Amino acid sequence: MASIGTGYDLSSTTYSPDGRIFQVEYAHKAVENSGTAIALRVKDGVVFAVEKIVVSKMLEPTSNRRIHTVDSHIGMAISGLVADGRQLVNRGRSEATQYRDFYGIPITGKVLAERISNFIQVYTLYGVVRPFGCAVLVGCVDKKGPQLYMVDPSGSCYGYYGCAIGKGTRAAKTELEKLDLANMTAREAVKQAARIIYSVHDDVKDKSFVLELSWVCEETKNLHQFVPDELKAAAEEEAKAAKDREESGGD
């Protein structure tokens with residue numbers, strides 16, 4: 001009975017006999033069924049890339065974004081339930097504002113990621129609420145240099161050099177591990193991020209998608225911004241060409 005969650009998945013406050021909390025596992029599943037999001041921490045900054053599935057041809061491409069600016073120097077990428085992710089973005093903005101007002105300096109990436117993880121973890125403790133069905137990537141450039149963190153639906157927080165969340169996680173991680181991130185520039189990382197998103201996208205199972213790209217690096221004066229249209233277009237063109245070569249070679 002414990003292996004399938006029967007009787008033990010009605011509340012996030014109930015453990016199964018083998019120590020599992022099924023409501024949190026279901027929240028992880030919501031992330032696994034969502035579009036892929038990746039982030040690369042390189043020598044001069046952090047680059048975000050998200051596969052935003054287009055659910056309708058009538059959808060405005062810039063609406064319902066998966067990448068948000070939390071503070072001037074911090075970006076956040078979402079995978080999972082978008083509405084849940086927006087609440088975490090708002091929480092992050094509130095934490096960043098309060099920190100700046102109280103201490104007079106910008107919040108660091110580590111402090112923000114830990115505060116968001118604490119907020120998420122609280123929602124796994126009470127039966128009257130449900131866990132957040134999303135995971136987030138938090139990246140910035142602060143006094144310690146480029147920083148990248150991932151917070152999952154259980155409230156766990158991890159620091160990364162390169163990280164992927166969403167349905168294409170396994171394939172994306174394989175590609176990330178091949179990169180020399182320590183010696184890569186943010187401009188180079190933009191092209192690699194676009195290539196990875198295109199390579200993990202399943203054209204058969206999934207609908208068309210919009211690629212979202214943002215970065216915070218020396219080129220942006222350590223401010224989180226969306227990648228310029230010219231660079232994004234060039235990165236997408238190279239990514240499509242690489243995918244075509246891969247598919248033709250596989251045939």
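Helix α1 spans residues 22-32, and its buried residues are Phe22, Val24, Ala27 and Val31. Buried here means under 20% relative accessible area, exposed means over 50%, and partly exposed lies in between, computed with a 1.4 Å probe on protein chains only. The model is predicted, so local features need pLDDT of at least 70 and side-chain atom pairs count only at pLDDT 80 or more, while totals for chains, interfaces and linings use all residues. Residues are numbered from 1 along each chain as its sequence is written, and side-chain values use heavy atoms, with hydrogens and water left out. Helices (H or I, at least four residues) and strands (E, at least two) are DSSP runs numbered from the N terminus.

The buried residues of α1 pack against β4 (74-80), β5 and β8 (162-165). Contact is taken as heavy atoms within 4.5 Å. His28 also belongs to helix α1. This residue counts as partly exposed because its relative accessibility is 26%. Leaving out residues up to four places away in sequence, His28 touches Asp152, Pro153 and Ser154. His28 and Asp84 are 56 residues apart along the chain, and their C-alpha atoms are separated by 13 Å.

Two helix pairs were examined. Two packed helices are described by the angle between their axes and the distance between the axes. Axes are lines fitted to C-alpha atoms, for helices over the stretch in contact, and angles run from 0 to 180 degrees between N-to-C directions. Helix α2 (residues 82-103) and helix α3 (residues 109-122) have axes that come within 10 Å and cross at roughly 130°. α2 is therefore oblique to α3. On this scale, angles under 35 degrees count as roughly parallel, over 145 as roughly antiparallel, 65 to 115 as roughly perpendicular and the rest as oblique. The α2 and α3 crossing is right-handed. A crossing is right-handed if the near helix is turned clockwise from the far one by less than a right angle, and left-handed if anticlockwise.

On the α2 side, the contact uses Leu88, Arg91, Gly92, Glu95 and Tyr99; on the α3 side, Val111, Leu112, Arg115, Ile116, Phe119 and Ile120. These residues divide into seven nonpolar, one polar and three charged. Ala, Val, Leu, Ile, Met, Phe, Trp, Tyr, Cys and Pro count as nonpolar, Asp, Glu, Lys and Arg as charged, and the others, Gly among them, as polar.

Ile120 lies in helix α3. It counts as buried because its relative accessibility is 0%. Beyond four places in sequence, Ile120 touches Leu88, Phe132, Val151, Asp152, Pro153, Ser154 and Gly155. Ile120 and Thr69 are 51 residues apart in sequence and 19 Å apart in space, C-alpha to C-alpha.

The second pair is α4 and α5, which pack at an angle of about 145° with axes 9 Å apart. This crossing is also right-handed. Ala171, Ala172, Glu175 and Leu176 of α4 meet Arg195, Ile196, Ser199 and Val200 of α5. By class, this contact has five nonpolar, one polar and two charged residues.

In soluble globular proteins, nonpolar side chains tend to be buried together. A nonpolar core is a set of buried Ala, Val, Leu, Ile, Met, Phe, Trp, Tyr and Cys residues joined through side-chain atoms within 4.5 Å. The largest such core holds 29 residues, of which Ile38, Leu40, Val190, Leu211, Leu213 and Trp215 touch the most other members. Elements that give two or more residues to this core are β1 (37-42), β2 (45-53), α4 (169-176), α5 (186-200), β9 (209-217) and α6 (229-250). α5 gives the most, with nine residues. Setting aside neighbours within four places in sequence, Ile38 is in contact with Val47, Phe48, Ala49, Leu137, Cys163, Ala164, Ala172, Ala193, Ile196 and Ile197. A second, separate core has 19 residues, including Val70, Ala96, Ile120 and Val138.

Most residues other than glycine have a negative phi. Lys221, in the loop between β9 and β10 (225-226), has a positive phi near 60°. Its relative accessibility is 72%, so Lys221 counts as exposed. Asn222 is found in the loop between β9 and β10 and has a positive phi of about 60°. Asn222 is partly exposed, with a relative accessible area of 30%. Val128 sits in the loop between α3 and β5 (134-142). At 79% relative accessibility, Val128 counts as exposed. The C-alpha atoms of Val128 and Thr13 are separated by 9.5 Å, although the two are 115 residues apart along the chain.
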